[in-house]
Amino acid sequence: QVQLVESGGGLVQAGGSLRLSCAASGRTFSSYAMGWFRQTPGKEREFVARIIWSTGRTYYADSVKGRFTISRDNTKNTVYLQMNSLKPEDTAVYYCADKLTLAGEYAYWGQGTQVAVSS
């Protein structure tokens, strides 16, 4: 059983930065990737970024490309999301999720951390 714990959310002014962390425990070596998603009330959960555990290859949503950076520390089983040049529309609850295989779904989810960006 994989457990994911996010941290690092908070309130920041537009143009500011935050770094989110997602610590994974109970993770097996066969996990494929870790992703970040976000959700605002009344909207569907939105993909933000993904990183492949083994290669470090990254993928981003167009809305965050150039502003957000996902990274991982394999020794700590932790994934980070560095968020720069934040905008009010980045306000959401951010979730990390573990993807066990290339073709599979994100099987494990964290509890979420709130990010609020004021204008």
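**Exercise 1.** Is arginine 38 buried or exposed?

*Solution.* Start with the cut-offs: buried means under 20% relative accessible area, exposed over 50%, partly exposed in between (1.4 Å probe, protein chains only). Arginine 38 has 5% relative accessibility, so this residue counts as buried.

Two notes on the source. This is a predicted model, where local features need pLDDT of at least 70, side-chain atom pairs count only at pLDDT 80 or more, and totals for chains, interfaces and linings use all residues. Residues are numbered from 1 along each chain as its sequence is written, and side-chain values use heavy atoms, with hydrogens and water left out.

**Exercise 2.** Find the salt-bridge partner of arginine 38, then trace the network.

*Solution.* Apply the criterion: a side-chain nitrogen of Lys or Arg within 4 Å of a carboxyl oxygen of Asp or Glu. Arginine 38 meets glutamate 46 at 2.8 Å, N to O. Glutamate 46 is partly exposed, at 32%. Next, take aspartate 90 and arginine 67: their closest N and O atoms lie 2.7 Å apart. This pair links distant parts of the chain, 23 residues apart. Both residues are buried. Salt bridges with shared partners join Arg38, Glu46, Arg67 and Asp90 into one network.

**Exercise 3.** Locate the disulfide and give its handedness.

*Solution.* Search for cysteine sulfur atoms within 2.5 Å. The structure holds 1 such link. Cysteine 22 and cysteine 96 form it, with sulfur atoms 2.0 Å apart. The angle about the S-S bond is 65°, and the link is right-handed.

Terms used. Helices (H or I, at least four residues) and strands (E, at least two) are DSSP runs, numbered from the N terminus.
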